[in-house]
Amino acid sequence: MISNTQLKEASIIGEERAAKALSILSKNNVSVKTRESKMVNESDAITSVNNIEGHAIISYSRILTGFEGICILSLTRENALDLVDLFNNRPRGTTVTMQEIDRSTIRETLNILSNSYITEVAKIANKTVLIGVPYLVTKEGLEKIISESKLLLNRQAALFQTDITIQDVDFNLVLYFFFITEA
Amino acid sequence: MTKVLVTDDSAFMRKVLVDILNKNGYTETIEAQDGKEAIEKFNSEKPDLVLLDVIMPEMDGLEVLKQIVPLGAKAIVISAVGQETMMTQAKDFGAKGYIIKPFDESKVLEEIKKVL
């Protein structure tokens, strides 16, 4: 069982790792602040996912080893387009419709953020965690995946809400890890 | 001229790598988006170096290593932060170098120079 205190400690190191990684990728100064980190139960986790108001872009990947579960990253469409422009060295506002390379930019962001945070969560649990290939899904698609795989059954979730600033642009991203917690 | 095969399921990461390579004189690059395509292109194009992501759909980077190293491939494995445990496995399978994503240009060039 991971406590909220342990999760907060993990989030401090996680945000440092994420900031360093995103700085390298964007070639800009990046600030990452974890606004909230907490363990939530199954019903609260479902409520959180359902309440991602305005977050139209959702990326998810399965956790391959260590825990059984999934990682989810959500952000607004506007944030996603800005992120794509920044990481691809284009002026902000260039991308209006996302192409495959733009979608892969978002998936890579999930990969970096997830690994930055979950590495620390895994250390607390004394596990080695590998995260699988990330995919983009709609909110409805995600609900279907969760429902069909019974991923939330008897599970808890770690929730990190992060505020990221890159080149004076503010991003609000929500990162969830759903996984089985041991008694 | 050095021919480099860049294998990553992320089109974005392939572009980042190819841009670094091209900018630094490695202008002959080939791309593969998964392990199966990497093996096909290794066999058909005979690259001098393979840059190989670990976590990919269809066939992962370690499986690719198992198949191409016995054929003489020189490979550098690339994986995300937190996946450093894969480094040992990759080396066991014959990887010559290891790069953690996201990487800066100097790290990529340093590893390539070590291997070639």
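Axes are lines fitted to C-alpha atoms, for helices over the stretch in contact, and angles run from 0 to 180 degrees between N-to-C directions. Helices (H or I, at least four residues) and strands (E, at least two) are DSSP runs, numbered from the N terminus.

This is a predicted model, in which local features need pLDDT of at least 70 and side-chain atom pairs count only at pLDDT 80 or more, while totals for chains, interfaces and linings use all residues. Residues are numbered from 1 along each chain as its sequence is written, and chains are lettered from A and ligands numbered from 1 in the order in which they are written.

The confidence of the predictor in each residue is given as pLDDT, from 0 to 100. Chain A has an average pLDDT of 83, and 91% of its residues score at least 70. Among the elements of chain A, the highest mean pLDDT, 91, belongs to helix H3 (residues 77–87) of chain A, and the lowest, 72, to helix H2 (residues 42–50) of chain A.

In chain A, the axes of H3(A) and helix H4 (residues 100–124) of chain A cross at roughly 95° and come within 9 Å. H3(A) is therefore roughly perpendicular to H4(A); angles of 65 to 115 degrees count as such, those under 35 as roughly parallel, those over 145 as roughly antiparallel and the rest as oblique. Ala80(A), Leu83(A), Val84(A) and Phe87(A) of H3(A) make the contact with Asp102(A), Thr105(A), Ile106(A) and Thr109(A) of H4(A). Two residues are in contact if their C-beta atoms, placed from the backbone, lie within 7 Å.

Strands in chain A come next. Two strands pair if DSSP finds at least two bridges between them. Seven bridges link strand S2 (residues 57–65) of chain A to strand S3 (residues 69–75) of chain A in the antiparallel sense. Their hairpin has three residues between the strands, and Gly66(A) takes a positive phi near 90° there. S2(A) also pairs in the antiparallel sense with strand S5 (residues 135–137) of chain A, over three bridges. Ser59(A) stands opposite Leu73(A) in S3(A) and opposite Leu136(A) in S5(A).

Chain B holds an open sheet of five strands in the order S2-S1-S3-S4-S5, with parallel pairing. Its edge strands, each pairing on one side only, are S2 and strand S5 (97–101) of chain B. Strand S1 (residues 3–7) of chain B runs parallel to strand S2 (residues 28–32) of chain B, joined by five bridges, and Thr7(B) has Ala32(B) as its bridge partner in S2(B). From S1(B) the chain passes through H1(B) to S2(B) in a right-handed β-α-β crossover; with the strands pointing away from the viewer, the path from the first strand over the helix to the second runs clockwise.

Where do the two chains meet? The contact takes 20 residues from chain A and 17 residues from chain B. On the side of chain B that touches chain A, helix H1 (residues 11–23) of chain B gives the most, with four residues. H4(A) and H1(B) pack with their axes 7 Å apart, at an angle of about 95°, which means that H4(A) is roughly perpendicular to H1(B). Glu100(A), Ile101(A), Ser104(A), Thr105(A) and Glu108(A) in H4(A) meet Ala11(B), Phe12(B), Met13(B) and Lys15(B) in H1(B).
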